[in-house]
Amino acid sequence: MLSHQDRNDEAKELFEQAIANAEKNDNAPKLTYALRVMGDFWKNRGNRLEAIPHYERALELAQKFSYKQDENKLYYRLSQCYQDYDQKEFERCLLNMYKSQKALRGEENEILED
């Protein structure tokens, strides 16, 4: 039976393979997803600073290819990571998340609800 650490190591390796395969195949949607999942892997283990580069790279792809839903999710995750470490970045992420939500909902002149 695999130990908890062995399962974590195995999961990390699978995520790294997914990133490498998406890069090799020039598959932006899968790469964006794989990077977000790798960021989740680190964030969920309490290592928010390790998660940030994965989220930032995924965000760059989401912006480049107009993956608006992913962009919103990534700003949220980044805000969670920056919350206790960098107030300026935390606020930047919240503002951009708000703008992204607004664009997704098409509410140019309304206050975001919910």
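**Salt bridges and cysteines in the predicted model**

A salt bridge (a side-chain nitrogen of Lys or Arg within 4 Å of a carboxyl oxygen of Asp or Glu) joins the side chains of Lys12 and Glu16, with an N to O distance of 3.1 Å. The structure is a predicted model, in which local features need pLDDT of at least 70 and side-chain atom pairs count only at pLDDT 80 or more, whereas totals for chains, interfaces and linings use all residues. Residues are numbered from 1 along each chain as its sequence is written, and side-chain values use heavy atoms, with hydrogens and water left out.

Lys12 and Glu16 lie 4 residues apart in helix 1 (residues 4-24), a separation of about one helical turn. Helices here are DSSP runs of H or I with at least four residues, numbered from the N terminus. Accessibility is classed as buried under 20% relative accessible area, exposed over 50%, and partly exposed in between, with a 1.4 Å probe and protein chains only. On this scale Lys12 is partly exposed at 26% relative accessibility, and Glu16 is likewise partly exposed, at 37%.

Lys68 is partly exposed, with a relative accessible area of 40%, whereas Glu71 is buried, with a value of 11%.

The side chains of Arg92 and Glu56 form a further salt bridge, at 3.4 Å from N to O. This pair links distant parts of the chain, with Arg92 in helix 5 (residues 87-105) and Glu56 in helix 3 (residues 48-64), 36 residues apart. Arg92 is partly exposed, its relative accessibility being 28%. Arg92 and Glu56 also belong, together with Glu89, to a network of salt bridges. Over the whole structure, the search returns 8 salt bridges.

With regard to the cysteines, a search of the whole structure for disulfides (pairs of cysteine sulfur atoms within 2.5 Å) finds 0. Cys81 takes part in no disulfide, and the cysteine sulfur nearest to that of Cys81 belongs to Cys93, 8.7 Å away. Cys93 is in turn in no disulfide, its nearest cysteine sulfur being that of Cys81, at 8.7 Å. Cys81 is buried, with a relative accessible area of 0%, and Cys93 also counts as buried, at 0% relative accessibility.

Note on methods
Helices (H or I, at least four residues) and strands (E, at least two) are DSSP runs, numbered from the N terminus.
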